Amino acid sequence: MTYRLTPKDILALGFMTFALFVGAGNIIFPPMVGIQSGEHVWVAAFGFLATAVGLPVMTVIALARVGGGIDALSSPIGKAAGLLLATVCYLAVGPLFATPRTATVSFEVGIAPLTGDGALPLFIYSLIYFALVIGISLYPGKLLDTVGHVLAPLKIVALTILGVAALVWPAGGIAPATADYQRAAFSTGFVNGYLTMDTLGALVFGIVIVNAARSRGVEDAKLLTRYTMLAGLIAGVGLTLVYLSLFKLGSGSAGLVDQNANGAAILHAYVQQTFGSMGSFFLAALIFIACMVTAVGLTCACAEFFAQYLPLSYKALVFILGLFSMVVSNLGLSHLIQISIPVLTAIYPPCIVLIVLSFTLSWWNRSARIIAPTMLVSLLFGIVDAIKTTSFKEILPLFSQHLPLADQGLAWLPPSLAMMVIAAVVDRVKGSQQVAVRQ
């Protein structure tokens, strides 16, 4: 008997996927892009949507086509390189950056205004927060029920209220765009989309979405692919609507906060003005639920991944990852963002190359000839872009500042395209030589 999902379950799967994505970064970065891009807000928004919606949805679809795991997607680059890539992605979106960030953002928005920004309140909060995350993550089979049917709808209602408010009650004037956005609004938005970590998140969540459908008895590979794609598209539509309203919110908040304020401060100022002190409570609850859902999804995904390679059980890993994330979260939000920017700048380009080229596998005689060298080149130039975001930028040779698109943080793109063309020519020549030999 072939099990199928009911329309209600498909919608719940889509809501769950959306809820897994909408975490801390998705709520704090769009208002920052909105306020800093000034009159260029919609050009910057388009760039941001390319990396924060387009790529994650493409990733979910790419994973659905290969059966749901990053290991299957990275098979053209070989087992060892694929495992290294997967480990880096899981660590970045898991205990090193994204999971701890969910705790620090929800603390800064909801608790810090009441308790002050001290180390002790953050420690106590992170202890309670990660105790809840660990508790829910121990039962991954119930995710569709806890997240899809309960937490995700709550999150969607709260985000809808915030989005409608931003459209109906704009807070005030638009500030002139900052220098970066005046120079290159689209590519600045594009690179800022990295910070949401949604593409890396999608690489990690693919298997969680497939397993949630399997928990309802669906085993047919074609149906699993179709349901995962539908879930990705539902999540993509939801993310786009959330981002557009948050760009609008940020864009009209120049009269409330300094243009360099972080997203948590912009949101807090807007909600305080529009809804008063009840609004602050509402925002704290919204961000707490948003961050909690993402933290649970990441913890489940990381524990399932590492359980395959380490002599530890899933439940033991949930405890280890939760406790490690709690320790890292006590660094505070600004520190975490500072450390994550160079790492994300380096690892995003090879991930983008892998995802985009996974749709072209049937074009080549041997896909490894194209994908492996193109990813390597994108990683090397991504590392150059990453060093530029740190205090070590002086060690780079002068020509690295003048590479095409270097001033826009996209120095990896032209050499990666050139490498792909060279690799494609080599693949064609070697393919026709093999045909000639056979004849």
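**View A. Lys 388 and Asp 385 sit about one helical turn apart in helix 15.** Three residues separate the two along that helix. The model is predicted. An α-helix has 3.6 residues a turn, so residues three or four places apart point the same way. Lys 388 and Asp 385 are joined by a salt bridge. The closest N and O atoms of this pair are 3.7 Å apart. Both Lys 388 and Asp 385 are buried.

View B. The whole structure holds four salt bridges. In the Arg 369–Asp 427 bridge, the N to O distance is 2.9 Å.

**View C. Arg 369, Asp 427 and Arg 428 make up a network of salt bridges.** Side chains of opposite charge can pair when their charged atoms come close. Asp 427 takes part in a bridge with Arg 369 and in another with Arg 428. For Arg 428 and Asp 427, the closest N and O atoms lie 3.9 Å apart. Asp 427 has 0% relative accessibility, so Asp 427 counts as buried.

**View D. Tyr 194 and Tyr 348 form a stacked aromatic pair.** The structure has 16 aromatic pairs in total. In this one, Tyr 194 and Tyr 348 are 4.5 Å apart centre to centre, with 15° between the planes. The planes count as stacked because that angle is under 30 degrees. Tyr 194 comes from the loop between helix 9 (179–192) and helix 10 (198–214), while Tyr 348 comes from helix 14 (residues 333–357). The pair therefore ties together parts that are 154 residues apart in sequence. Tyr 194 is buried, at 2% relative accessibility. Tyr 348 is buried too, with a relative accessible area of 0%.

**View E. Phe 305 and Tyr 309 form a tilted aromatic pair.** Their ring centres are 5.2 Å apart. The angle between the planes is 55°. Both residues lie in helix 12 (residues 263–309), four residues apart, which means about one helical turn separates them. Tyr 309 is partly exposed, at 40%.

**View F. Ring pairs link five aromatic residues into a cluster.** The members are Phe 46, Phe 186, Phe 190, Tyr 194 and Tyr 348. A pair of aromatic rings is described by the distance of the centres and the angle of the planes.

**View G. Helix 1 is mostly covered.** This helix runs over residues 7–21 and has 15 residues. What end-to-end length should it have? At 1.5 Å a residue it should span 21 Å, and the end C-alpha atoms are 21 Å apart, so the two values agree. Eleven of the 15 residues are buried. Among them are the aromatic residues Phe 18 and Phe 21. Others in the buried set include Asp 9, Ile 10, Leu 13, Met 16 and Leu 20.

Note on methods:
Residues are numbered from 1 along each chain as its sequence is written. This is a predicted model: local features need pLDDT of at least 70, side-chain atom pairs count only at pLDDT 80 or more; totals for chains, interfaces and linings use all residues. Side-chain values use heavy atoms; hydrogens and water are left out. Rings of Phe, Tyr and Trp (its six-membered ring) pair if their centres lie within 6.5 Å; planes under 30 degrees apart count as stacked, over 60 as edge-to-face and the rest as tilted. Buried means under 20% relative accessible area, exposed over 50%, partly exposed in between (1.4 Å probe, protein chains only). The expected span of a helix is 1.5 Å times one less than its number of residues. A salt bridge is a side-chain nitrogen of Lys or Arg within 4 Å of a carboxyl oxygen of Asp or Glu.
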